[in-house]
Amino acid sequence: MLTAGQDHDLACAEPLLENTNPGAVIADKAYDADAFIDKLTKQGTTPVIPPKANRKDQRECDFALYCERNLIERFFNKIKHFRGIATRYDQLARNYLAAVQLVAAVILLN
């Protein structure tokens with residue numbers, strides 16, 4: 001799912017998780033919203049999202065599992081080394097998706 005640059009990531013989180021049933025969702029503090037966390041717990045999904053510092057009631061977070069998020073962050077760091085991906089030269093979403101898939105295949109083959 002590709003959104004405008006000024007949109008918040010949380011706007012796409014619920015539609016992306018609609019047809020899935022993950023055991024846990026690992027995300028950063030930007031996803032620490034009561035409505036999103038409540039929806040995850042109602043689905044039986046464990047939210048592994050650290051609470052924001054300004055949250056009045058601090059929630060528990062499994063930081064051992066949260067450390068696995070670094071694998072995803074490293075992948076995004078690798079694909080951003082490709083100039084066309086980092087600067088988003090492609091105007092059409094399908095062309096950008098094709099470029100991301102090509103870069104992911106190149107990274108996988110290396």
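**View 1. Helix 1 passes helix 2 in a left-handed crossing.**
Left-handed here says that the near helix is turned anticlockwise from the far one by less than a right angle (clockwise would be right-handed). This is a predicted model, so local features need pLDDT of at least 70 and side-chain atom pairs count only at pLDDT 80 or more, while totals for chains, interfaces and linings use all residues. Residues are numbered from 1 along each chain as its sequence is written, and side-chain values use heavy atoms, with hydrogens and water left out. Helices are DSSP runs of H or I with at least four residues, strands are runs of E with at least two, and both are numbered from the N terminus. Two packed helices are described by the angle between their axes and the distance between the axes. For helix 1 (residues 10–17) and helix 2 (residues 34–43), the axes come within 11 Å and cross at roughly 15°. That makes the two helices roughly parallel. Axes are lines fitted to C-alpha atoms, for helices over the stretch in contact, and the angles run from 0 to 180 degrees between N-to-C directions. Angles under 35 degrees count as roughly parallel, over 145 as roughly antiparallel, 65 to 115 as roughly perpendicular, and the rest as oblique.

(Nonpolar covers Ala, Val, Leu, Ile, Met, Phe, Trp, Tyr, Cys and Pro; charged covers Asp, Glu, Lys and Arg; the others, Gly among them, are polar.) Now pick out L17, which sits in helix 1. Is L17 buried or exposed? L17 has a relative accessible area of 18%, so it is buried. (Buried means under 20% relative accessible area, exposed over 50%, and partly exposed in between, using a 1.4 Å probe and protein chains only.) Skipping neighbours within four places in sequence, L17 is in contact with P22, V25, F36, L40 and Q43. Contact means heavy atoms within 4.5 Å. L17 and L40 are 23 residues apart along the chain, and their C-alpha atoms are separated by 9.2 Å.

**View 2. Helix 4 meets helix 6.**
The axes of helix 4 (residues 69–79) and helix 6 (residues 93–109) come within 10 Å and cross at roughly 110°. That puts helix 4 roughly perpendicular to helix 6. From helix 4 come F75, K78 and I79, and from helix 6 come V103, A104 and I107. By class, this contact has five nonpolar residues, no polar ones and one charged.

**View 3. Time for some aromatic rings: the whole structure has three aromatic pairs.**
Rings of Phe, Tyr and Trp (its six-membered ring) pair if their centres lie within 6.5 Å; planes under 30 degrees apart are stacked, over 60 edge-to-face, and the rest tilted. One of the pairs is F63 with Y66, edge-to-face at 6.1 Å centre to centre with 80° between the planes. F63 and Y66 are three residues apart in helix 3 (residues 63–66), so about one helical turn separates them. F63 is partly exposed at 47% relative accessibility, whereas Y66 is buried at 17%. F75 and F76 form another edge-to-face pair, 5.8 Å centre to centre with 65° between the planes. F75 is partly exposed at 31% relative accessibility, and F76 is partly exposed at 42%.

**View 4. Look at K52, in the loop between strand 2 (46–48) and helix 3.**
At 34% relative accessibility, K52 counts as partly exposed. Which residues does K52 touch, not counting those up to four places away in sequence? They are K29, D32 and Q58. The C-alpha atom of K52 is separated by 28 Å from that of I79, 27 residues apart along the chain.

**View 5. R88 sits in the loop between helix 5 (83–87) and helix 6.**
Most residues other than glycine have a negative phi. R88 isn't a glycine, yet its phi is positive, at about 55°. With 32% relative accessibility, R88 counts as partly exposed.
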